[in-house]
Amino acid sequence: MFGHMMQLPLLISSLIVHAERHHGDQLVVSRRVEGDIHRISYRELAWNTHRHMELYYGVSGSGRVLHTVNPRLHPDQIVYIADHAEDQVLFFDMTFWPLIQAVAGRTKTVRHWVAMTDRAHMPAAEQAAKVPGLLCYEELLEQASDRYAWPVFDENTASSLCYTSGTTGNPKGVLYSHRSTVLHTMVAALPDCFGCSAADAILPVVPMFHVNSWGIVYMAPMTGAKLVLPGLGLDGKSLYELFESEGVTISAGVPTVWQGLLAHVEAHGLKFSTMRKSAIGGSACPPAMIRKFRDDYGVRVLHAWGMTEMSPIGTAAAFKAQHHALDDEGQLAVMSTQGRAVYGVDMKIVGQDDASGAELPWDGQASGDLLVRGPWIIDTYFKGEGGNPLVQDADGNGWFPTGDVAKITPEGYMVITDHSKDVIKSGGEWIGSIDLENIAMAHPAVAMAACIAAHHPKWDERPLLVVVKKPGMDVTREELLAFYEGKIAKWWTPDDVVFVDAIPLGATGKMQKNKLREQFKAHCLPRS
Ligand code: AMP
């Protein structure tokens, strides 16, 4: 027997329709690339659109797929993913005009390049001629009607696409649906996660291309919170000013971004007058940062863990009732874990390389491969790239292997102990170690190369290249670093090279980078 409840699909357009009807006066405030502060209410937004945030609703809401691209990728990678995704229209800020000129003639399927600006800021005619199919965003809007009836379609329809280079080989596409997005948003807004309400002002420091700014662009209209978008001003001073002037109560970002903010606030003896919660994830948040926010500024850090493949939220380190009785140190220990699973996400740890997939105990000691399942977790990569990623359990359930190694406490708090994927995370952004190794391996004097993360005080991690030379051949550190020029984005270039006699190999012939990391854990990078 079925229940007698209405069958209304969970569509992204319903978020902005709700915000318009019930939070019409609430604001979306953006610091634009033009430098000024732009304000628009949810009511106006629902009729008229304003650039990035608005594309989230216009594109997905009309049944198309919004593919967000990380502009810091090398142009070759941008061309690769635009072709792979078969992108037809590409929207860009004028800041990226040089990049657009570099990729425009090379993509196969893009028909229109839309500059997100007004006529006055469009490139001059002879410049514009270099990009066939160039259009002006504001002009397109002027030509279109203010009214639009959102189409209703199956909630499982694809809504947006993000490529992740967190996996080996080429970047792979993660294709979200309307249903997965709306469900994820509902849970992300819960009190033990972002805890976002109509009385909040939320500022995502995380870029909109990083897993849909962790869902915040959907969460704000759903809850009626004010949304504050920082634009290019991610330095401590700009962020602090925006926090204060807009009365920001909740923010979110990777650990490195907070270093700049805390340094600015400390240097000038400032306090936060409205900020109460800062969600930190993307890489492990140092306990010292959590402590500083709490003890010096009265801001609660919510340490959270997730992945592009998980929309992204999986766990968040909110207290249970019993933790309120703990002393400061005890509470800090709970807050420093990656947190417990939110509703909708199930997780387990299994023995590393254990084919039976037997679950390990939640005793805070045993660590193993972390597997997850849930309605906003990937089933397959776009176009089936890389085959079926899921691991089947004895009951036939598919689990997504996160590539992280973790332990889980008896209370259900998860702690990441290692990243089995071996990629390097610099300032919260992936650097593909395989790509870096492949380039090094192309050098005639290199027999074997492994790229590992070395600790960096500002960027958390930077690539360190470990090289075995071919017998009788010679190459210097400088020659190898110069070899990267023009082949990858400049910030992907390793910070240092060390030469070794051999790289340890495992039973299946794979390089054991965990051993290398151990060997070079105290390595001092020259530029740091
Ligand atoms: P991405 O898909 O780029 O968001 O990266 C996901 C990966 O980032 C995860 O698989 C983890 O390895 C890492 N990560 C995310 N959040 C955390 C965290 N709080 N602590 C440690 N690692 C994290």
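Before we zoom in, among contacts in the protein between residues at least 6 apart in sequence, what percentage join residues at least 24 apart?

Guide: The answer is 63%, counting contacts between residues at least 6 apart in sequence. Keep in mind that this is a predicted model, so everything I tell you is computed from it.

The protein's secondary structure comes to 17 helices and 25 strands. Its C-alpha atoms fill a box of roughly 70 × 65 × 60 Å along the principal axes. The radius of gyration is 24 Å, which agrees with the value near 24 Å for a compact globule, because that is what the rule gives for 528 residues. Of those 528 residues, 54% are buried. The accessible surface is about 23,500 Å², and 55% of that belongs to carbon and sulfur atoms.

Now for the part you asked about. There are 16 residues surrounding the ligand, and the closest are Ala304, Thr308, Gln338, Asp404 and Trp430. Sort that shell by class and you get 5 nonpolar, 8 polar and 3 charged residues. Which element gives the most to the shell? That's strand β13, residues 300-306, with 4 residues.

Next, zoom in on individual atoms. Start with His303, where a polar side-chain atom lies 3.0 Å from a nitrogen atom of the ligand. Then look at Gln338: an N or O atom in its side chain is 2.8 Å from a nitrogen atom of the ligand. How much of the ligand does the protein bury? Taken alone, the ligand exposes 500 Å², and the protein buries 97% of that.

One last stop, away from the list above: Phe209, which is found in the loop between β9 (201-204) and α9 (211-214). Leaving out residues up to four places away in sequence, Phe209 touches Tyr56, Thr68, Val69, Asn70, Pro71, Arg72, Cys162 and Glu429.

Terms used
Residues numbered from 1 in each chain as written. Predicted model: local features only at pLDDT ≥ 70, side-chain atom pairs only at ≥ 80, totals over all residues. Heavy atoms only, no water. Near = heavy atom within 4 Å. Polar contact = N/O pair within 3.5 Å; in protein donor to acceptor, adjacent residues only side chain to side chain. Areas by Shrake-Rupley, 256 points an atom, 1.4 Å probe, with all protein chains shown as cover. Helix = DSSP H or I, 4+ residues; strand = E, 2+ residues; numbered from the N terminus. Nonpolar A, V, L, I, M, F, W, Y, C, P; charged D, E, K, R; others polar. Contact = heavy atoms within 4.5 Å. Rg over C-alpha atoms; globule rule 2.2 N^0.38 Å. Buried < 20%, exposed > 50% of the residue type's maximum accessible area, 1.4 Å probe, protein only.
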